[in-house]
Amino acid sequence: MGLFDRLFGKKKETEKVVEEVEVKEEVAGGNDESEEHSEPVEDVIFSEQAGELLNETMPEILAELGSESSPSDEEREKFQEESDALEEEIKEIESSELAEEIVSWEKKNDEQLSEASAPAEAQEEKTAHNLEEKYDKSLEKTRKTFGERFNAFLANFRSVDEEFFEELEETLIMSDVGVDLALEVTEELRHEAKLANAKSQEALRQLIVEKIVDKFDDEKVPSDLNLQEDLTVFLFVGVNGVGKTTTIGKLAHRYKEEGKKVLLAAADTFRAGAIDQLVEWGKRSDVPVVTKAAGADPASVVFDAVEKAKTENYDILLIDTAGRLQNKDNLMKELEKIGKIIKRELPTAPHEVILALDATTGQNAIQQAKEFSAVTPISGIALTKLDGSAKGGIVLSIVQSLKIPVKLVGLGESIDDLADFDEEFFVRGLFKELI
């Protein structure tokens with residue numbers, strides 16, 4: 001099933017994903033009570049009913065025993081039978097009471113588990129809902145621009161001919177879905193049998209959007225951040241002004257809130273302002289920053305940061321770098337030197353090389369990505385300022401043409417508005433008003 005069908009379905013309905021929530025501390029708490037009520041049968045105290053039965057029966061037995069100094073074999077046998085019968089009756093009473101006790105405990109434990117898991121499930125659902133709302137709001141400008149262009153194009157079509165495909169191709173390119181994706185979608189639609197049956201604007205619109213969405217899904221690359229069990233090193237690259245340092249600061253805040261030990265490294269030493277900005281983010285997030293004076297060797301800052309992160313058992317190291325793309329040769333040498341320093345100390349690092357791109361720049365962001373990819377391998381993209389852009393369709397182009405996953409998106413100015421990229425929230429937020 002394609003992404004389009006998963007999100008919109010034949011009746012334009014979304015599927016609801018239900019996730020099981022594991023309860024750890026609450027279940028552990030419940031286990032204490034389990035031990036309290038799991039006593040063996042032989043340790044259960046006689047009930048009042050058993051005691052009363054003994055009080056009623058024992059005097060008669062004792063009286064019979066005392067009537068003769070030496071009871072006969074018949075009397076001994078009778079006493080043994082009565083004693084055995086009494087013992088069986090007592091066991092039945094005790095077993096019945098224990099069974100009731102176990103049932104009562106199980107019911108109480110189930111109630112506690114239900115009460116413990118309900119808030120966690122509700123919180124998880126609320127978090128997902130809030131994130132989807134942020135995507136929806138952030139894509140409002142893009143959705144409006146894309147929708148207006150698309151609807152204007154469809155309003156003018158009279159027949160599905162060559163002119164129709166040329167205009168479709170131009171509309172998609174103008175909507176920032178990228179030249180490669182626009183050409184592929186248009187070419188495939190030329191040979192799409194279903195296109196001949198699309199008699200209405202609505203059917204045609206749905207068919208085109210379905211093709212774009214499923215094409216985007218076909219090119220899907222893993223978008224999860226590569227976090228390690230011990231130290232994870234992030235190397236951030238990108239031109240000045242795209243929101244690179246802000247992204248680092250927000251990510252530091254997120255990991256700090258998750259209880260991780262975070263360290264920042266100000267390796268953009270060519271701009272004093274970049275160092276000061278990262279130090280300020282460190283203060284806001286209560287995270288230390290490794291710095292040197294402006295003009296110092298960036299690789300020396302990285303070396304100090306890696307050593308500190310290793311010796312003091314940090315979980316996350318976020319490294320800021322210079323973005324002088326206009327001087328590509330020097331930038332390449334600088335990044336190569338930084339990379340060698342990191343790998344010498346940590347052979348598997350950096351675990352993520354994140355390129356920060358400004359969503360408002362549209363196709364210029366694609367060019368930046370190509371330039372930086374030629375300088376250093378890029379493992380993921382942080383797309384900033386998505387909330388202020390009318391060119392959010394650039395995500396489709398990035399994934400399609402560059403085969404680089406978008407891993408982080410900026411959905412607002414707040415310190416909490418940096419989110420992991422969610423393909424389904426993005427697609428639903430971009431196309432929902434066209435379906």
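In which helix does serine 138 lie? In this predicted model, serine 138 belongs to helix 4, which covers residues 73-138.

Serine 138 has a relative accessible area of 2%, and because the cut-off for burial is under 20%, the residue counts as buried. A polar atom of its side chain is 3.1 Å from the backbone oxygen of leucine 411. When neighbours within four places in sequence are set aside, the contacts of serine 138 are Leu386, Asp387, Ser389 and Leu411.

The structure also contains two cavities of 30 Å³ or more. The second largest cavity has a volume of about 40 Å³. Its lining includes Thr142, Thr145, Phe146 and Arg149, together with Met174, Ser175 and Asp176. Ala390, Lys391, Gly392 and Gly393 also line this second largest cavity. Helix 5 (residues 140-156) provides the largest share of that lining, with four residues. The classes of the lining residues are tabulated below.

| Class of lining residue, second largest cavity | Number |
|---|---|
| Nonpolar | three residues |
| Polar | five residues |

For the protein chain overall, the secondary structure amounts to 15 helices and eight strands. Of its 435 residues, 44% are buried. Among contacts between residues at least 6 apart in sequence, 77% link residues at least 24 apart. The chain exposes about 23400 Å², of which carbon and sulfur atoms supply 47%.

Definitions and conventions:
Residues numbered from 1 in each chain as written. Predicted model: local features only at pLDDT ≥ 70, side-chain atom pairs only at ≥ 80, totals over all residues. Heavy atoms only, no water. 1 Å grid on protein atoms, 1.4 Å probe; cavity = no way out; pocket = protein on both sides within 12 Å on 5 of 7 lines; lining within 4 Å. Points joined across faces, edges and corners; volume = space filled by probe spheres on them. Helix = DSSP H or I, 4+ residues; strand = E, 2+ residues; numbered from the N terminus. Nonpolar A, V, L, I, M, F, W, Y, C, P; charged D, E, K, R; others polar. Buried < 20%, exposed > 50% of the residue type's maximum accessible area, 1.4 Å probe, protein only. Contact = heavy atoms within 4.5 Å. Areas by Shrake-Rupley, 256 points an atom, 1.4 Å probe, with all protein chains shown as cover. Polar contact = N/O pair within 3.5 Å; in protein donor to acceptor, adjacent residues only side chain to side chain.
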